[in-house]
Structure formats: C-alpha cells, structure tokens
Amino acid sequence: MLSTLFMGIESSAQQSNSIYLMHGIPQSNFLNPAVQIECRWFLGIPGLSSSHVAYSNTAFTYSDLTEGNSWNLEQVESQMHRVDLYGSEFSMQLLALGHRNKSSYFSFSIDDRSHLYQTVPGTLAATVVNGNYPSAGTYTAFNALKSYGIYFRQYTLGASRVISRNLNVGIRVKLLFGKAGINSGRSDIGLYTDENNFDLLADGNYILNSSFPLSVEQDADGNITGITINEINYASFLLNRGNPGIAMDLGIVYRYNPKLTLSASLLDVGALRWRTDLNKLSSEGSFVYEALESSGDLVSMSFLEDMIDTLQSAFDVTVSQQAYSSLLPAQLFLGGSYQLKEHLSLGVVNRNLFLRSKIHSSLTLSATTDLSKRLFATLSWSYLNRSVRNIGAVLALQGKGFQFHLASENLLGFLQPFDTRTIQFRAGFNVLFGCPGSKKEKLQANSYAGNPAGGNCSWAAQQKHRKKRYR
C-alpha cells in the first residue's frame, strides 16, 4: 500500500513540515493562518526572527553523479524520471507580530522570500547520455524543460477566530513587491531521429521572461552575443515597488474529538505583475544535424561546438521588453495529530506544491513530546524528493519572554551533504509576552486559542457566560 502511495508522489523542496503541527511555535501560524498561540503577544525581531533555507532535487545526489574523478552519467540517467524538479527556497522574516484577544488572533509580518525551480524531462537526460540511436524513428519531446525563479517582499495581515469548540478558521492577505524574476513561457521543443541515416531533426519555440537589471547584446543577424548584468543600485533594487502583486492564505483547524485534530491550509494563492527591468527572449526555428549515432559523439566538445553554431544560425531569437505576470507556487497542507498520551502526540503532514500544471508532494510522519517544562521536541521521518532517507527533528526552547527554535526535515543533509537529495534548515528567535504561568492559565489560554487540549473549555466557558446573562 505504501509503495503504491509513493509511486504517486513527486516530492519537492519544502517548508518545515514538522513545525506545521507544533502550535506552540508562532511560525506554525504562518503555515496555517487558523493556528493561535497561547501567549497574548508575539514579536519577531528583525535579524533574529525565523529564517528558512532549502535545496532539493528529485533525481540524484552528488555522490551518484561522480565516480572517482569522472562523471557517472549513466547512473544518473537511470535514476531520472519523466519529469524531475530541482529547487531551492529561502525566506527570512524581517518583522513579525502576533496578538491574541481571547478567541481572536491577529498577525502581521514583513518577509523576504525567494524560490528557484527548474524542471527537467527525463527524455533530455536519456538523449544526452545515450545519443539519438535508441529513439530512431520516433519524436522525442522536451516540453517540460522550464525555469521559474522569483524574489519578492511580502507584507501580510492575518486573522483567525475560534468559531466553536471544534473549529478554528483563519485568513491572511499579502501585498507583494517583486524584486527579481525569471519565468519560462511557451516551451515546445523536440527531436526526431531518422531511422535510416540517423539524422537529427530538431524544432521548437521557447519563451523566457525576466525582470532583472541586465542587457542582452545581439549582432546584426539577431544572434545573442552576450548578456551583461548592469550596475545595480542595491537600495533601489531592494525598495523597488514597480512589480506589485497580491496573494491570500486560508486555514482551518478542526477538532474531531479530544484526541484527534485535523488541519488544512492553502497558501500563496496569488500572482505578481512584472513591469521593471524587462527582457523577453523568444526563439523559434528548426535544423538538421547529420549522423549523430552515439553518446560519445553527443558529449564530445566538437559536437557541442557544432551544435551551438547550428542553433545560432537556425533559430531566430528576438528580444523585447514586455510586461508579464507570474503565479506564485501555491501550497496545500493537510495534517492530522493524535494525542496518544498527555505529553506525546503523533502527526502526519502532506504538503503539495503547485508549480505550473504539476503537483509535487511530500509526506511527513512525526512524534512530538515535552522533554521538560521549557523544552519540547519533534522527531520526524519524511518521504522527500523520491527518497525515504530523511530523518528530521525540531527543538524549541521557551523561557520567560523568549523562545528559540531549530528545525530540519533531513539531519543527514548536514552529516552527509553529498549523499542526500534534500538539505533544509529553519531557525529563529521569538519574543513572547503574556504567556500562561500556571496550569489553570494554560488551560484558559488553550481554550481561547482553540487548541485541542482546551477546546471543550472554551465552549463550556461560553455556555456558562450565556446562562448567567440569561438569568
């Protein structure tokens, strides 16, 4: 059953799945706007608040790619799939603020975020390694070869409400300002190999949009001769508001019973409009390359030089400056936690990244416990990037007025970086005010926040208040 599930999952670089169910960490609210924390006030200080970085690919590790002093291309090609995703993510909270007023919770934050994704079709790797001989008489498409990159700043305002003893709902709106972006448009590229003489016939058209201070140089025939980065005024670059956008987050937390809590959130539903430092590269054409039969011919320097010359002469490239729009890579989180004992809960989180028309998913199983009154932790296992070798952990230390957290979905990424497909890390320092000091205050805070341990208390308190007012 699990193998069938895994075959349907294309994993990706991701946020901290393990933090998603740890509602004692304020950053869990930014993964699900319905979550409320116990403390009345939360402050994320610039430079110290939560930061997140991740790298991943779904095909191979660095050790797979190398064998001694040579490249092991055959091994890598055998591990590639129909479409593989190579990605990196970075986010940093410049400022964060949260306030709980009984059964309502409000949040505000300013964040810098970046995403860089490259999808690569397995057919491209097979052609590079094996040549065109195996595909003689067939047309091979490389339409999945696409790039997506974005760096932007977001200003967010969120609110959540305890609707009943069983239900929390939350919403967050985001005002976006893009700083730099790259986005593939149309991508129709393919090769046909003649089954009689093995000539290679290639055709296609490709569009690449960018918003970045660079200049594209062309000769009299329209061929690109160089791309140079212009001098950057970093103050103007970082404060650029010429590429506006808007997005929304939605979340829900539902307590099925005192032990089982279900949650879901849909994040980053929105888009940006790019209008500054524009370059649009459009390429269209076809060519014939004669007698390419083996991988030895394909990876040789003479082949690459001939291919570049042929491409430049065969494909018409136009450069223009046109505004374009790009969707954010939306995310869907689905989670569930079960309170096995008073200080031990089990959880499962499924994260789905929507990139263009494809869904890339990850699955995380976790166990969370209180190691002491001030230290709580999560140990997790994840299926990420088509790999089961992902053991993660979260540690959160909370004192009077502060909280520090560390999280990683793959500890092996730091111990054996060349033997893993995923490297991910999150850390942050939070200032907290108005936190419950006694068990009674904790139960009351949990009841207002709508957390599983105090869900019934909130409902009971509301009922008692209604009866008193009626009398």
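User: Before we start, what counts as a helix or a strand here?
Analyst: Both are DSSP runs, numbered from the N terminus. A helix is H or I over at least four residues, and a strand is E over at least two. Keep in mind that this is a predicted model.

User: Fine. How many helices and strands does the protein have?
Analyst: There are 10 helices and 24 strands.

User: And what share of the residues is buried?
Analyst: Of the 471 residues, 48% are buried. The accessible surface comes to about 23,000 Å². Carbon and sulfur atoms account for 61% of that surface.

User: How about contact range? What percentage joins residues at least 24 apart?
Analyst: It is 69%, counted among contacts between residues at least 6 apart in sequence.

User: Let's do covalent links. How many disulfides come up?
Analyst: The count is 1 disulfide. C39 and C435 form it, with sulfur atoms 1.9 Å apart.

User: Which hand does the link have?
Analyst: It is right-handed, with 105° about the S-S bond.

User: Where do the two cysteines sit?
Analyst: C39 lies in the loop between helix 1 (2–7) and strand 1 (41–44). C435 lies in the loop between strand 24 (422–433) and helix 9 (439–449). The pair therefore ties together parts that are 396 residues apart in sequence.

User: Is C39 buried or exposed?
Analyst: C39 is buried, at 4% relative accessibility.

User: Why is R351 classed as buried?
Analyst: Because its relative accessibility is 1%, and the buried class means under 20%. E89 is buried as well, at 3%.

User: How many salt bridges does the structure hold?
Analyst: It holds 6 salt bridges.

User: Which residues are linked in a network of them?
Analyst: R113, R172, K174, D249 and D268 are linked in a network. K174 meets D249 at 3.0 Å, N to O. K174 lies in strand 9 (residues 167–193) and D249 in strand 13 (residues 244–255), so that pair ties together parts 75 residues apart in sequence.

User: What about D268 and K174, how far apart are their closest N and O atoms?
Analyst: They are 2.7 Å apart, and this pair is a salt bridge too. D268 is in strand 14 (residues 260–274) and K174 in strand 9, 94 residues apart.

User: Buried or exposed, K174 and D249?
Analyst: Both are buried. For K174 the relative accessibility is 5%. D268 is buried too, at 3%.

User: Switching to nonpolar packing. Which residues touch the most other members of the largest core?
Analyst: I150, L272 and L328 do, in a core of 14 residues. Strand 8 (146–164), strand 14 and strand 19 each supply at least two residues of this core. The largest share, 3 residues, comes from strand 8.

User: What does L272 touch?
Analyst: Not counting residues up to four places away in sequence, L272 touches a list that includes I150, F152, L176, F177, Y324 and L328. Also among them are N243, P244 and G245.

User: Which residues does the second core include?
Analyst: Y20, M22, I25 and A396 are among its 12 residues. That core is separate.

User: Where is L397, and how open is it?
Analyst: L397 is in strand 22. L397 is partly exposed, with a relative accessible area of 38%.

How values were computed:
Residues are numbered from 1 along each chain as its sequence is written. This is a predicted model: local features need pLDDT of at least 70, side-chain atom pairs count only at pLDDT 80 or more; totals for chains, interfaces and linings use all residues. Side-chain values use heavy atoms; hydrogens and water are left out. Buried means under 20% relative accessible area, exposed over 50%, partly exposed in between (1.4 Å probe, protein chains only). A disulfide is a pair of cysteine sulfur atoms within 2.5 Å. A salt bridge is a side-chain nitrogen of Lys or Arg within 4 Å of a carboxyl oxygen of Asp or Glu. A nonpolar core is a set of buried Ala, Val, Leu, Ile, Met, Phe, Trp, Tyr and Cys residues joined through side-chain atoms within 4.5 Å. Contact means heavy atoms within 4.5 Å. Accessible areas come from the Shrake-Rupley method with a 1.4 Å probe; for residues, only the protein chains shown count as cover.
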